[in-house]
Amino acid sequence: MRRLKKRNFNRSNGRKNNLSTIIEDIVTRKIFNSRGEETLEVDVITVDGFGSASAPAGASRGSAEVVPYPKGGVDFAIRKIEEEIAPELIGMNADEQETIDLLLHEIDETNNFRNIGGNTVCAISLSTAEAAASSYGIPLFQHLAGSLASNLPYPLGNVLGGGEHAGGKASDIQEFLVLPLNASTFSDAAKANIMVHQKVCSILEKKDSTFTGGKGDEGGWAPNIRTEDALKIMVEACKEVSNELDLECRVGVDIAASTLWNSKENSYVYASDGVNMNPEEQLDYMLHLIEKYHLIYVEDPFHEDDFEGFAQLTKRVKNCLICGDDLFVTNKERLAHGVMTGSANAIIIKTNQIGTLTDAWETVRLAIKNHYTPIMSHRSGETTDTHLAHLAVAFYCPIIKSGVVGGERVAKINELIRIEESLGNRGKMSNLSF
Ligand code: PGA
Ligand code: ZN
């Protein structure tokens, strides 16, 4: 017999459970993501509502993430839902998110969702929440957070990319990002990022005759370029846009250092730049880049198990977010370890790294309690699903990382513009203090 313990979610909206949120049916299908990979879409139908969500996919996944699909991929995930999961969920109440998320753990019976798949779970968890929200006739962010959530996140956008998202002779560093500080509205912030993206293109066209406008997985430009040349171009574009719009666009990077790490050689291999660095050199290099390019954000500067490297860097910098993505994989035990060792001061939140909404929310809560900045993030493989925008607001994330251009990226940005409009005077940009 399954034992279900109820856990506390974030709601304070005082709604009573009622029949309108009872799950009547679950429908699944195989669709495709922005990389053309197969992915899963799940519909949850309640008495009075409907929710649909699809699963994102990573290309530079952390090794401690949950397993995305059961062996056999999306087809097997669909079979598991039809045969094992839907019969359990039909008749349950979509409003009882924690109970349903716990049930998904219990059906799986492993600690990393290898039986039913973390992506399977993520799509079910999200579509259930959406179905409950729709039954009540309210937006998802409001269903999850009540009327408390009214802060808009700053968009952190990928402008220029390399690493596993680009290929060829692109930079070794996976992402060069922009963060528009002091933007007074979300719309202004999104506009600033788009202008930086455009400026970077025109600078590249002037400086590099081989640049033909190629882009990586997340819509960032993917030229043949060395790291520091890319950073110089980013700084130049940010300066121009900051002056034009009277705000402060700052540069960030996602090193995705696990993809550079060679454990046998104890070094980070920068193949395009033609250099190898041991961990001490890597620390000096990060400090050099932060100082020289006035970086505001550095994600995964060391490989995914180097809590100590993260701690050393975090101790040495001021006014810069040192963020763990592959380091924490949205896992609250790994974050708790990071808190203990002083590793990083920000955390990437990707629901499908951990599975359910409840798990992701527990990690966010631990982050907030320990003054880590939670950053709601897309994956490099996305669909036009817009739930990420709602999760950023509902989970009090002051930053959303979701790309600047490309239909599947802009879908999230546009949803935040709609949320901002719906909040009216109550909507404020989040407090980002450095
Ligand atoms: P992903 O990684 O390709 O695994 O989504 C993106 C990132 O590192 O932020
Ligand atoms: Zn990352």
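Biologist: How is the protein divided into domains?
Modeller: There's domain 1, residues 19–138, and domain 2, residues 150–429. Keep in mind that this is a predicted model.

Biologist: How far apart are the centres of domain 1 and domain 2?
Modeller: Going by C-alpha atoms, the centres are separated by 27 Å.

Biologist: And how many residues are in contact between domain 1 and domain 2?
Modeller: On the domain 1 side it's 33 residues, and they touch 28 residues of domain 2. The two domains bury about 2,300 Å² between them, and 52% of that is on carbon and sulfur atoms.

Biologist: How many salt bridges cross that interface of domain 1 and domain 2?
Modeller: The rule finds two.

Biologist: OK, metal next. What coordinates the zinc ion (ligand 2)?
Modeller: Asp254 and Asp325 through OD atoms, plus Glu299 through OE, at 2.0 to 2.2 Å. Along the sequence, the spacing of these donors reads D-x44-E-x25-D. Aspartate 254 is in strand β7 (residues 248–254) and aspartate 325 is in the loop between β12 (321–324) and α9 (332–341), so this pair ties together parts lying 71 residues apart in sequence.

Biologist: Are aspartate 254 and aspartate 325 buried or exposed?
Modeller: Aspartate 254 is buried, and aspartate 325 is buried too.

Biologist: How many salt bridges does the count come to?
Modeller: By the rule used here, 23. One of them pairs glutamate 41 with arginine 29, with the closest N and O atoms 2.8 Å apart. Glutamate 41 is in strand β2 (residues 38–46) and arginine 29 in strand β1 (residues 23–32), 12 residues apart. Arginine 29 has 28% relative accessibility, so it counts as partly exposed.

Biologist: What does lysine 30 form a salt bridge with?
Modeller: Glutamate 38, and there the closest N and O atoms are 3.3 Å apart. Lysine 30 is partly exposed at 32% relative accessibility, and glutamate 38 is partly exposed as well, at 40%.

Biologist: What about arginine 35, which side chain does it meet in a salt bridge?
Modeller: Aspartate 217, at 2.6 Å from N to O. Arginine 35 also forms a salt bridge with glutamate 37, where the closest N and O atoms are 3.1 Å apart. With a relative accessible area of 25%, arginine 35 is partly exposed. Glutamate 37 is partly exposed at 30%.

Biologist: Switching topic: how many residues does the largest nonpolar core have?
Modeller: It has 106 residues, and Val200 and Phe395 have the most contacts inside it. Helix α5 (residues 186–207) gives the most to this core, with 10 residues. At least three residues come from each of domain 1 and domain 2.

Biologist: Which residues are in the second, separate core?
Modeller: That core has 28 residues, including Val66, Ile85, Phe113 and Ile116. In soluble globular proteins, nonpolar side chains tend to be buried together.

Biologist: Where do aspartate 300 and valine 329 lie?
Modeller: Aspartate 300 is in the loop between β11 (297–299) and α8 (307–316), and valine 329 is in the loop between β12 and α9. Aspartate 300 is buried, with a relative accessible area of 2%. Valine 329 is buried too, at 0%.

Biologist: Last one: is asparagine 182 buried or exposed?
Modeller: Exposed, because its relative accessibility is 53% and the cut-off for exposed is over 50%. Asparagine 182 is in the loop between β6 (175–181) and α5.

Biologist: What does asparagine 182 touch?
Modeller: Leaving out residues up to four places away in sequence, asparagine 182 touches Tyr154, Leu247 and Glu248. Its C-alpha atom is 48 Å from that of glutamate 82, which is 100 residues away along the chain.

Terms used:
Residues numbered from 1 in each chain as written. Chains lettered and ligands numbered in written order. Predicted model: local features only at pLDDT ≥ 70, side-chain atom pairs only at ≥ 80, totals over all residues. Heavy atoms only, no water. Donors = N, O, S within 2.8 Å, 3.2 Å for Na, K, Ca; no water. Helix = DSSP H or I, 4+ residues; strand = E, 2+ residues; numbered from the N terminus. Buried < 20%, exposed > 50% of the residue type's maximum accessible area, 1.4 Å probe, protein only. Core = buried A, V, L, I, M, F, W, Y, C linked by side-chain atoms within 4.5 Å. Domains from an automatic or database assignment. Contact = heavy atoms within 4.5 Å. Buried area = accessible area lost by both parts, 1.4 Å probe. Salt bridge = Lys/Arg side-chain N within 4 Å of Asp/Glu carboxyl O.
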